[in-house]
Amino acid sequence: MLFMLFGILFCVCLIASNVFATKQIAMGQFSVTGGLLVFPISYIINDCVCEVWGYRKVRLLIWVGFAMNFFFTLVGALVDYIPGAPYWTNDAGFHAIFGLAPRVAAASFAAFLVGSFANAYVMSRMKIGSNGKRFSLRAILSTVAGESADSLIFFPLAFWGVIPLAEIPVLMFWQVVLKTLYEVVALPVTIRVVRRVKAAEGEDVYDNGVDYNVLKIFNI
């Protein structure tokens, strides 16, 4: 039951981050996408699921999230492509939100998969290596690994030749820093959630001997 709820929240966060990313917001002297408010929650859920139920379950969760996000983006693009009714006057606004460029969409999907699996792998291996101790350190380092992989994939694929080359490393750096800070701020809540879920579910899986092949989706 709790795993299902985590899965629903995971998918909602991924889809919402795509929609919110269409708006640039100011955070002090920095400009970021609105998706920053939601997307890091998916990494927190990734950590919680991996910590409680193990890599096999989080692998399933990542692929389900990917499929739901892809479906939402595909249907949004289809609706955007179909001509509006004669009285419809907001084509430009709708296109700004749902008319995601194929290049950006491909970069986003690839970055999500690589980053999410990097996060889960580091979390899983560090749990085994630390014998289940130092959850806070594992959560932070797995986020750094996942967000770094995500940024290394997304920004070059999405913006190479679009924005000045010198700006790409800067954007990548701040993306990782801000999302990791998000994880750190939320860490006290994450720790309490993990403890309560472990107690409620009676689960605390260690991935000894697990196959980390990302394609073995139904090996749960």
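Which residue forms a salt bridge with Glu-51, and how far apart are the closest N and O atoms? The first close-up gives the reply, and the legends after it move to other parts of the chain.

This is a predicted model, in which local features need pLDDT of at least 70 and side-chain atom pairs count only at pLDDT 80 or more, while totals for chains, interfaces and linings use all residues. Residues are numbered from 1 along each chain as its sequence is written, and side-chain values use heavy atoms, with hydrogens and water left out.

**View 1**
Glu-51 forms a salt bridge with Arg-138, and the closest N and O atoms of the pair are 2.6 Å apart; a salt bridge here is a side-chain nitrogen of Lys or Arg within 4 Å of a carboxyl oxygen of Asp or Glu. Helices are DSSP runs of H or I with at least four residues, strands are runs of E with at least two, and both are numbered from the N terminus. Both Glu-51 and Arg-138 are buried, where buried means under 20% relative accessible area, exposed means over 50%, and partly exposed lies in between (1.4 Å probe, protein chains only). By the salt-bridge rule the count comes to seven.

**View 2. Lys-179 and Glu-147, with a further pair at Asp-211.**
Lys-179 forms a salt bridge with Glu-147, with 3.7 Å between the closest N and O atoms, and this pair links distant parts of the chain, since Lys-179 is in helix H7 and Glu-147 in helix H6, 32 residues apart. Lys-179 counts as buried at 6% relative accessibility, and Glu-147 is buried with a relative accessible area of 0%. In another pair, the side chains of Asp-211 and Lys-216 meet in a salt bridge at 2.6 Å, N to O; Asp-211 counts as partly exposed at 30% relative accessibility, and Lys-216 counts as partly exposed at 36%. Salt bridges that share partners also join Glu-51, Lys-127, Arg-138, Lys-198 and Asp-204 into one network.

**View 3. Asp-47 and the cysteines Cys-48 and Cys-50.**
A search of the whole structure finds zero disulfides, a disulfide being a pair of cysteine sulfur atoms within 2.5 Å. Cys-48 is in no disulfide, and the nearest cysteine sulfur, that of Cys-50, is 10 Å away, which is too far for a bond. Cys-48 is buried, with a relative accessible area of 4%, and Cys-50 counts as buried at 2% relative accessibility.

**View 4. The largest pocket and its lining.**
About 960 Å³ of space lies in the largest pocket, and its lining holds 32 residues, of which Ala-21, Thr-33, Phe-154, Phe-155 and Gln-175 lie nearest its centre. On a 1 Å grid over the protein atoms alone, a pocket is an open set of points with protein on both sides within 12 Å along at least five of seven lines, a cavity is a set of points where a 1.4 Å probe fits but cannot get out, and lining residues have an atom within 4 Å of a point. Grid points are joined across faces, edges and corners, and a volume is the space filled by probe spheres set on the points. H1, strand S2 (30-33), helix H5 (102-129), helix H6 (135-159) and helix H7 (167-201) each supply at least two residues of this lining, and the largest share, seven residues, comes from H7.

**View 5. A cavity lined in part by H1, H3 and H4.**
A search of the whole structure finds one cavity of 30 Å³ or more, and about 90 Å³ of space lies in the largest cavity. The largest cavity is lined by Asn-18, Val-19, Thr-22, Phe-72, Thr-73, Ile-97, Phe-98 and Leu-100, and the elements that give two or more residues to this lining are H1, helix H3 (55-81) and helix H4 (91-98).

**View 6. Asn-131 and Arg-134 in the loop between H5 and H6.**
Phi of Asn-131 is near 55°, a positive value in a residue other than glycine, and Asn-131 is exposed, with a relative accessible area of 52%. Arg-134 likewise has phi near 55° and is exposed, with a relative accessible area of 53%.
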